[in-house]
Amino acid sequence: MAKNVVPEAREALSKFKYEVANEIGVPLKQGYNGDLTSYQNGSVGGYMVKKMIEKAEQNLMG
């Protein structure tokens, strides 16, 4: 796992991951998730990036 620049961000990112998974209907749970497809896991990561970019753009616009 990559090292976070801000150690406190780890918990926030983990919470965000589960929120996004729930939002897009991926049954992500704590612990083992080997029963999920690569597509499902990739969808969570991709949607997280999309939401972070949207938030950054909003912050830039004021």
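Helix H2, residues 38-61, is part of what covers the buried residues of helix H1. Contact here means heavy atoms within 4.5 Å, and helices are DSSP runs of H or I with at least four residues, numbered from the N terminus. Buried means under 20% relative accessible area, exposed over 50%, and partly exposed in between, with a 1.4 Å probe and protein chains only.

Before I go on, the background. This is a predicted model, in which local features need pLDDT of at least 70 and side-chain atom pairs count only at pLDDT 80 or more, while totals for chains, interfaces and linings use all residues. Residues are numbered from 1 along each chain as its sequence is written, and side-chain values use heavy atoms, with hydrogens and water left out.

Now H1 itself. The helix runs over residues 9-24, 16 residues in total, and spans 22 Å from its first C-alpha to its last, close to the 22 Å expected at 1.5 Å a residue. That expected span is 1.5 Å times one less than the number of residues.

Which residues of H1 are buried? They are Phe16, Val20 and Ala21. These residues lie on the same side of H1, because they cover an arc of only 135° around the axis; the arc is taken from the directions from the helix axis to the C-beta atoms. On the face turned away from the buried side sit the exposed residues Glu11, Lys15 and Asn22. After H1 comes Gly25, with a positive phi near 80°.

From the H2 side, look at Val44. Val44 is in helix H2, and it is buried, at 5% relative accessible area. Leaving out residues up to four places away in sequence, Val44 touches Lys17, Val20, Ala21, Ile24 and Val26. Val20 and Ala21 are among the buried residues of H1 that I listed. For a sense of scale, Val44 and Ala56 are 12 residues apart in sequence and 18 Å apart in space, C-alpha to C-alpha.

Next, the loop between H1 and H2, where Asn33 lies. Asn33 counts as buried because its relative accessibility is 15%. With residues up to four places away in sequence not counted, Asn33 touches Pro27 and Leu28.

On to charges. Side chains of opposite charge can pair when their charged atoms come close. How many salt bridges does the structure hold? There are 2, a salt bridge being a side-chain nitrogen of Lys or Arg within 4 Å of a carboxyl oxygen of Asp or Glu.

One is between Glu23 and Lys51, with the closest N and O atoms 3.5 Å apart. This pair links distant parts of the chain, Glu23 in helix H1 and Lys51 in helix H2, 28 residues apart. Glu23 is partly exposed at 47% relative accessible area, and Lys51 is partly exposed at 26%.

Another joins the side chains of Lys29 and Asp35, at 3.2 Å from N to O. Lys29 is partly exposed, with a relative accessible area of 36%, whereas Asp35 is exposed, at 52%.

Last, the surface. Leu13, Val49, Met52 and Ile53 make a nonpolar patch of about 320 Å². H2 supplies the largest share of the patch, 3 residues. Ile53, in helix H2, is partly exposed at 45% relative accessible area. Patches are made of residues with over 30% relative accessible area and no salt bridge; like charges are joined within 9 Å, and nonpolar side chains (Val, Leu, Ile, Met, Phe, Trp, Tyr) within 5 Å. Accessible areas come from the Shrake-Rupley method with a 1.4 Å probe, and for residues only the protein chains shown count as cover.

Methods: Helix = DSSP H or I, 4+ residues; strand = E, 2+ residues; numbered from the N terminus.
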